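Here is a short report on one protein model. Look at the sequence and the structure first, then read on.

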Amino acid sequence: MKDYTTHVNVFQGNGATKLPEPKGIAAAWYFIKAVTGNTHPGAQLPFGKYSCCLHTKGYPTGYGINRVSCEPPCQYLHDELKFFGMAHFHQSGTGTIGVYYNYALTSPAYGKTPFWAERKVLGEKAEPGYYSVKTEDILCETTVSDKAVLHRYTFDRPDSNISIDFGHDGLYQPDPKEVTKGKVKAVSKNEIRAEMIIRNVKWYFVVKCEDADGSCVYDKEGNCGEVMEKTEFSHDPIIGTFTFKDAGVKILKLSASNKNMDRAVKLSENETSSFDEMKENASAEWNKYLSKIEIKTDSKEDEEIFYSNLYHSLVKPADFTGDCFLEGYDEEGKEPNANILDFSTMWDIYKTQLPLVLTLYPEMGKKIMESFSRFYEVTGDFPHCYMVSSDLTTCKDQACLLAEHVIGDAYYRSIDADYKKLFELASEDCKKYENEVRNCHIGIPRAAAVVDMTGAFRILSNMATDFGLPEKAKEYLELANMYKGVYENGLIKANASYYEGSHFNYSFRPTPECKERIEEYGKEFYKDMLEKFFGYTNPDDVSNRFEGYNNESDMEAPAFCHYVDRNMYCEVITAGVEYMFTTGSGGIPGNNDSGGLSSCYIWNVLGLFPVSGFNTMICGTPRFEEATMHLPKADLVIKRKGKGIYTKKVTFNGKALEDFEISVTDMMNGGELIFEMSEERV
């Protein structure tokens with residue numbers, strides 16, 4: 001098999017955005033939000049529980065040189081990378097969500113006692129499943145499996161130590177919520193265990209180092225003993241240390257569980273791979289996932305951009321199967337079938353990233369559906385911003401009823417799930433918002449959220465029809481049509497509240513009801529509005545301007561053009577691909593939104609775009625001569641014939657797609673999708 005990992009630059013999007021100089025229509029676009037990609041280069045598996053890399057205290061992953069940067073200009077914490085240790089369980093591509101992890105901060109040093117002061121970074125390397133950094137004369141390497149993280153430290157001099165601060169949490173600025181307590185014990189000279197409570201969630205760590213000559217546990221005062229305990233929540237460190245007499249290579253293995261210490265011990269004992277074996281296995285796992293899409297191109301740059309974006313689309317959510325930290329989640333001792341979390345920004349990933357995951361990786365899709373169901377049974381809600389935290393209300397005002405869209409996507413992709421049960425839970429969930437939907441025409445509504453809600457009711461209506469429930473289908477369709485209450489004169493109300501962007505962003509969502517609006521107000525009206533939004537007219541007036549994939553709602557806004565002006569759609573998508581994504585640490589045009597933005601790129605260059613929750617894929621303008629998606633049932637082969645960016649005709653298995661749309665169900669059955677292109681507008 002071809003090695004697709006060689007095309008991945010894991011550093012893509014790690015730093016401040018640095019894109020090609022925009023030309024043409026892209027020159028009119030207006031960035032207003034985060035100007036960093038907010039990804040990290042840590043060693044991790046696809047959807048892996050563990051991740052590990054350099055900790056610099058930077059926002060928001062613990063890596064990099066940034067302070068909180070939600071809008072330009074970027075604010076910097078350091079002028080260059082600083083070494084504070086190696087941390088675990090990083091977020092990726094998020095904004096200010098308030099839960100950042102960076103647990104079990106691990107630091108190598110010379111001498112017998114822990115050393116945590118900042119040090120210079122002398123160089124770093126990374127590839128999928130592996131990360132290394134050098135500081136002073138210590139080489140630090142790490143790789144991962146589903147059971148453990150392996151660290152490999154090379155000490156050039158004798159008399160050294162490796163210390164783990166189990167009390168560490170968060171970034172550069174202490175937060176009142178970032179407090180821990182717990183107990184750390186040196187079980188033997190080669191093993192340290194920790195039982196911690198971090199963000200009111202239990203963590204059990206087992207750390208082993210067969211090469212150690214001794215171990216000790218330190219408290220904040222520097223006292224050393226076999227056991228140390230923090231009985232009150234605080235930011236104070238609680239440190240386990242391994243010491244070494246001789247120079248050379250030292251291997252440290254860390255396993256963690258949220259269930260109990262027995263599970264953490266079992267994970268550690270069952271992981272017997274050497275460092276190089278684990279590194280090779282991690283690379284092979286990444287190659288298997290990346291190989292689900294093959295592209296034909298002569299451009300090495302395009303290959304790097306494509307597979308780097310695919311890589312960053314497959315980092316989250318994280319598979320914590322076997323661990324349980326919600327009260328009642330492991331009722332009567334039953335092992336949960338799955339526990340998928342780090343849906344850190346659902347309002348981003350439900351549009352592009354989760355549809356991509358559900359399309360290509362059915363086993364992960366099955367786990368996601370199981371997790372949705374179990375989460376609702378325990379909490380009475382579907383996951384929205386679900387992280388390893390007891391606070392399940394994080395970002396609670398960011399959108400509503402998004403899980404219903406994901407359930408719809410899974411349904412049309414034939415993901416193995418109990419849809420009758422999910423339908424019942426979703427019906428119960430949607431009822432909580434029925435009054436808000438019915439009264440959305442009154443006062444100042446949460447307009448963007450109402451569009452989410454009415455979309456969810458439309459999804460339930462479609463499923464009810466399939467399930468032979470005509471009365472339910474009628475009831476939910478009535479509620480779906482309440483969307484009209486947040487629109488006036490063809491656009492969504494300006495004097496309403498929005499969780500991202502403005503009323504212009506949300507006026508251009510490619511949701512099913514947009515066809516009704518276009519029919520009512522006419523294509524010419526919307527074409528005029530879109531020309532202003534994308535900068536075709538009045539390019540110097542950046543009020544209510546498209547933000548160049550720099551904002552959550554702009555991922556899908558270009559697809560609205562599909563219903564109004566196909567030529568404009570092809571031009572906007574092409575400009576986004578050409579000028580908004582590139583190679584290197586500045587190669588993502590803003591906060592990657594947990595993979596939402598990178599997966600948006602993947603869909604656009606393939607020439608497809610999902611309408612989340614519905615049985616529709618919009619055909620755009622494919623970038624590559626040929627691409628193959630290896631779907632669960634059969635391959636989907638996408639070919640472009642002719643030159644130019646304009647889509648003249650699309651056929652699927654020889655039949656013309658008159659509306660330039662293909663159903664999800666047809667797509668998932670595989671076949672040949674051929675785009676006939678033109679250099680002139682059609």
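## Strand β29 and its sheet

Strand β29 (residues 646–652) runs antiparallel to β32, and 6 bridges join the two. Val-650 stands opposite Phe-675 in β32. Strands here are DSSP runs of E with at least two residues, helices are runs of H or I with at least four, and both are numbered from the N terminus. Two strands pair if DSSP finds at least two bridges between them. This is a predicted model: local features need pLDDT of at least 70, side-chain atom pairs count only at pLDDT 80 or more, and totals for chains, interfaces and linings use all residues. Residues are numbered from 1 along each chain as its sequence is written, and side-chain values use heavy atoms, with hydrogens and water left out.

The sheet is open and has 6 strands, in the order β20-β27-β28-β32-β29-β30, with mixed pairing. β20 (293–296) and β30 (655–656) stand at the edges with a single partner strand each, so one side of each has no neighbour in the sheet. Strands of a sheet pair through backbone hydrogen bonds, either parallel or antiparallel.

## Other pairings and a helix across the sheet

β28 pairs with strand β32 (residues 671–678) in the parallel sense, over 6 bridges. Ile-638 has Leu-673 in β32 as its bridge partner. β20 and strand β27 (residues 626–630) are antiparallel, with 4 bridges. Ile-295 has Ala-627 in β27 as its bridge partner.

Helix α17 (residues 596–606) lies across β20, β27 and β28. Its direction is at about 125 degrees to β27. Axes are lines fitted to C-alpha atoms, for helices over the stretch in contact, and angles run from 0 to 180 degrees between N-to-C directions.

## Arg-640, a buried charge

Which strand holds Arg-640? Arg-640 is found in strand β28 (residues 635–641). Arg-640 is buried yet has no salt bridge. Buried means under 20% relative accessible area, exposed means over 50%, and partly exposed lies in between (1.4 Å probe, protein chains only). A salt bridge needs a side-chain nitrogen of Lys or Arg within 4 Å of a carboxyl oxygen of Asp or Glu. The nearest side chain of opposite charge is Glu-625, 8.4 Å away. Lys and Arg count as positive, Asp and Glu as negative; His and the chain ends are not counted.

A polar atom of the Arg-640 side chain lies 2.4 Å from the backbone oxygen of Pro-622. Leaving aside neighbours within four places in sequence, Arg-640 is in contact with Pro-622, Arg-623, Phe-624, Glu-625, Phe-675 and Met-677. Contact means heavy atoms within 4.5 Å.

## An enclosed helix

In helix α5 (residues 353–360), 8 of the 8 residues are buried, so the helix is largely enclosed by the rest of the structure. Among them are Gln-353, Pro-355 and Thr-359.

## Backbone exceptions

Most residues other than glycine have a negative phi, and most peptide bonds are trans. A cis peptide bond joins Tyr-59 and Pro-60, with omega about -10 degrees. Another cis bond joins Pro-72 and Pro-73, with omega about 0 degrees. Pro-60 is found in the loop between β2 (51–54) and β3 (82–83). Pro-73 is also in the loop between β2 and β3.

Asp-159 has a positive phi, near 60 degrees. Asp-159 sits in the loop between β10 (149–155) and β11 (160–165). Asp-159 is partly exposed, with a relative accessible area of 34%. Arg-199 has a positive phi of about 55 degrees. Arg-199 is in the loop between β13 (191–198) and β14 (201–208). At 7% relative accessibility, Arg-199 counts as buried.

Methods:
Polar contact = N/O pair within 3.5 Å; in protein donor to acceptor, adjacent residues only side chain to side chain.
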